[in-house]
Structure formats: structure tokens, C-alpha cells
Amino acid sequence: MRVATIPGDGIGVDVTREAVKVMDAATGGRIEWTEFDYSCERYAKTGAMMPADAPATLASFDAILLGAVGYPGVPDDVSLWGLLIPLRRAFNQYVNLRPVRLLPGIASPLAGVSADALSMVIVRENSEGEYSTIGGVHNRGNQHEFALQESVFTRIGCERIIRYAFELAASAGFRVCSATKSNGIIHSMPYWDSIFNQIAAEYPQVPSMSMHVDALAARMVSDPGSLDVIVASNLFGDILSDLAAAVTGGLGLAASGNINPERTAISMFESVHGSAPDIAGQGIANPVAQILAGAMLLDHLNESGTANKIRRAVDQVLAEGRVRTPDLGGTATTEQLGTAIAESAR
């Protein structure tokens with residue numbers, strides 16, 4: 001297996017190092033790694049997050065393991081549109097898959113909710129929707145200045161992400177809930193709803209419903225056990241997946257995959273959290289999310305047995321509770337937690 005790593009900035013570097021260690025232990029060193037310096041730090045030095053030929057360079061690998069991007073003095077829109085979105089779109093990674101569950105030994109901020117109730121999958125549209133370059137600021141510098149931001153919802157884009165969610169639910173006996181806001185967004189959301197209803201009719205065996213995104217956010221807190229698979233547009237999925245991570249223990253435990261389901265191009269896996277430059281290099285970042293992103297990568301490369309070995313190792317170490325980073329109430333370093341999981345995954 002040939003895997004490209006993009007550690008990025010801040011704690012992305014710290015946690016990617018530990019994920020590589022764990023994946024090497026679990027696979028017996030069968031992964032050939034190549035590291036790339038694409039990052040905000042690179043942008044600060046060269047004016048570009050990555051070279052123009054980066055997609056062509058990365059296309060020869062089997063998958064990408066991405067750390068996190070973000071750096072003081074570099075605007076967030078630069079990191080997003082200079083690296084993440086271009087790679088997602090270059091490789092047609094139209095599914096952003098974010099599974100969350102309450103891990104053993106981890107306390108949820110939701111009192112009295114069982115681990116069984118705190119397990120769901122967010123299926124986020126990853127290539128269009130609200131994250132569009134169409135629009136601009138007009139009449140700059142006078143009292144009539146305004147900003148216009150357009151969303152793009154194509155039939156093919158909506159159909160394929162919604163169908164992916166139903167296929168996932170059908171394979172696991174899950175329910176599907178669509179995030180909408182058709183009472184306030186009068187064109188794109190009713191259009192999304194109509195396609196959701198059409199595809200739901202093709203899967204009569206899969207229970208399905210639509211909820212306005214604000215009500216759905218409340219449901220994720222008040223009754224998370226009623227939700228299995230949530231399918232959402234780019235923006236709504238981005239927000240809801242962070243909420244899902246928060247109720248299951250925090251962003252330091254949540255992994256995600258930017259997936260090309262047809263495998264016509266490579267997929268990219270990353271932790272949900274950001275680069276946290278304020279704690280970078282201090283050895284206190286939680287590497288679990290990045291390690292679980294590595295497990296998702298191995299799943300995608302048809303190494304499910306190895307991926308599950310990593311998940312069992314994470315569960316075992318967290319359940320024992322002896323080795324935990326400060327965000328989990330412990331005193332262990334990033335390296336110590338990564339090493340403990342690696343040893344369990346051998």
C-alpha cells in the first residue's frame with residue numbers, strides 16, 4: 001500500500017506521526033509512506049498551500065492521510081480553498097463520511113445517555129452546495145455595498161449523496177434522516193427534499209424522514225438514539241458532524257473520510273479537529289481521531305481486519321484508562337497514547 005501523508009500544520013503534525021506509528025504496527029510495516037509539506041506554513045513562505053501539480057502527484061498513491069491545516073496569520077478561507085476543497089474536488093471525493101460513537105471509558109456531556117444511543121453516521125455532501133465560489137462583494141466602499149453568495153445543488157450531486165446514505169443504511173439496518181431547511185431556503189432545500197423523497201421511495205425497507213436542521217440539531221442532543229444515518233448538504237453536514245462529535249466525547253475522538261465511492265480516484269482521510277496551533281508541539285494533543293482516520297483509510301483499501309484491529313486497540317486503551325491525554329482527564333503525552341495504542345494493535 002502506498003499512502004501519501006500531509007501532516008499540515010499545528011497538531012496535525014503531532015497526531016499524524018502517531019497515526020502512522022499505529023498503522024505500521026497493525027499492518028506489520030506493509031505501508032509505503034511519502035510525506036508532503038502542503039500546509040499554511042508553506043503558504044506563508046511561498047504564497048501557495050501546495051504546488052499546482054499536487055493533485056497529479058498525489059493521484060499515483062492509494063490514499064491520503066491528512067493531518068490538519070491552519071496557521072496564525074493565514075486566513076481560514078485560504079487553507080480551505082487552497083488545499084482541502086481543491087483536493088476533494090480534483091479527486092471527486094463527493095462523500096464526506098463522519099461516523100461517531102461513544103468510545104469505551106469516555107464520558108458524554110449528555111447525562112444518562114447510553115453508548116448504544118450515541119452512535120451515528122453523518123453523510124455530508126462534499127463537492128457542491130453552499131461551498132461555492134459563485135458570488136462576490138459588489139459596490140465596494142460605499143453605503144450600497146453588499147455580498148452575494150450562491151449555492152449550487154445539482155441533480156447528480158444530490159442524487160448520489162442521498163443514494164449513498166440509503167445504501168449505507170440498507171446494508172446495516174439503519175434509518176435515514178435528511179437535514180433540510182425548506183421552510184426558509186425556498187429554492188435549494190425544496191429541491192433537495194424532492195430528490196430525497198424520490199430516492200426514499202426506492203428503498204421502502206429503510207425507514208426515513210426529513211427534519212429541519214435546527215430541529216435535527218436539537219434531536220441530536222435530546223434523543224440521539226433515534227438517529228442512525230444523517231444525510232446533509234455541505235454546510236449542514238459540516239455543522240451537524242461537529243455537534244455529533246461533541247456529544248460523543250469531543251473533536252479529538254472523531255475521524256472522517258473524503259471518499260470517492262466509485263474509486264475512480266483516491267480518497268483522503270483526516271481527523272475532524274483543527275490544527276490547534278496554541279498547543280502544537282507541546283505533546284498534549286489527542287491522537288485518537290487521527291488514528292481512527294487511519295482505520296477508515298485501511299477499511300477503504302479493503303483492509304477491514306486490520307482496521308478493526310486498530311479500533312479494538314483504541315477501545316482497549318481508552319477502557320483501561322491508564323494512558324490518556326489531558327483533554328481526556330489524563331496526564332499522558334501524545335506520543336505515550338499513540339505508543340500504547342500501537343502496542344495493543346500489534
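This is a predicted model: local features need pLDDT of at least 70, side-chain atom pairs count only at pLDDT 80 or more; totals for chains, interfaces and linings use all residues.

In which strand is Thr180 found? Thr180 belongs to strand β8, which covers residues 176-180.

Is Thr180 buried or exposed? Its relative accessibility is 3%, and because buried means under 20%, Thr180 counts as buried. Setting aside neighbours within four places in sequence, the residues in contact with Thr180 are Met189, Asp193, Ser210, Met211, His212, Val213 and Phe236. Two of these partners deserve a further word. The side chain of Asp193 is joined to that of Thr180 by a polar contact of 2.8 Å. Ser210, for its part, lies 30 residues from Thr180 in sequence, while the C-alpha to C-alpha separation of the two is 6.7 Å.

I turn now to the helix pair. Helix α10, residues 304-320, packs with helix α11, residues 334-345, at an angle of about 125 degrees, and their axes are 8 Å apart. Why is α10 described as oblique to α11? The angle of about 125 degrees falls between the ranges for roughly perpendicular, 65 to 115, and roughly antiparallel, over 145, so α10 is oblique to α11. The crossing of α10 past α11 is right-handed.

Which residues make this contact? From α10 they are Lys309, Ala313, Val314, Gln316 and Val317, and from α11 they are Leu337, Ala340, Ile341, Ser344 and Ala345. By class, the contact of α10 with α11 comprises seven nonpolar residues, two polar and one charged.

Thank you for your attention.

Key. Residues are numbered from 1 along each chain as its sequence is written. Side-chain values use heavy atoms; hydrogens and water are left out. Helices (H or I, at least four residues) and strands (E, at least two) are DSSP runs, numbered from the N terminus. Buried means under 20% relative accessible area, exposed over 50%, partly exposed in between (1.4 Å probe, protein chains only). Contact means heavy atoms within 4.5 Å. A polar contact is a pair of N or O atoms within 3.5 Å; within protein, one must be able to donate a hydrogen and the other to accept it, and residues adjacent in sequence count only if both atoms are side-chain atoms. Axes are lines fitted to C-alpha atoms, for helices over the stretch in contact, and angles run from 0 to 180 degrees between N-to-C directions. Angles under 35 degrees count as roughly parallel, over 145 as roughly antiparallel, 65 to 115 as roughly perpendicular and the rest as oblique. A crossing is left-handed if the near helix is turned anticlockwise from the far one by less than a right angle, and right-handed if clockwise. Ala, Val, Leu, Ile, Met, Phe, Trp, Tyr, Cys and Pro count as nonpolar, Asp, Glu, Lys and Arg as charged, and the others, Gly among them, as polar.
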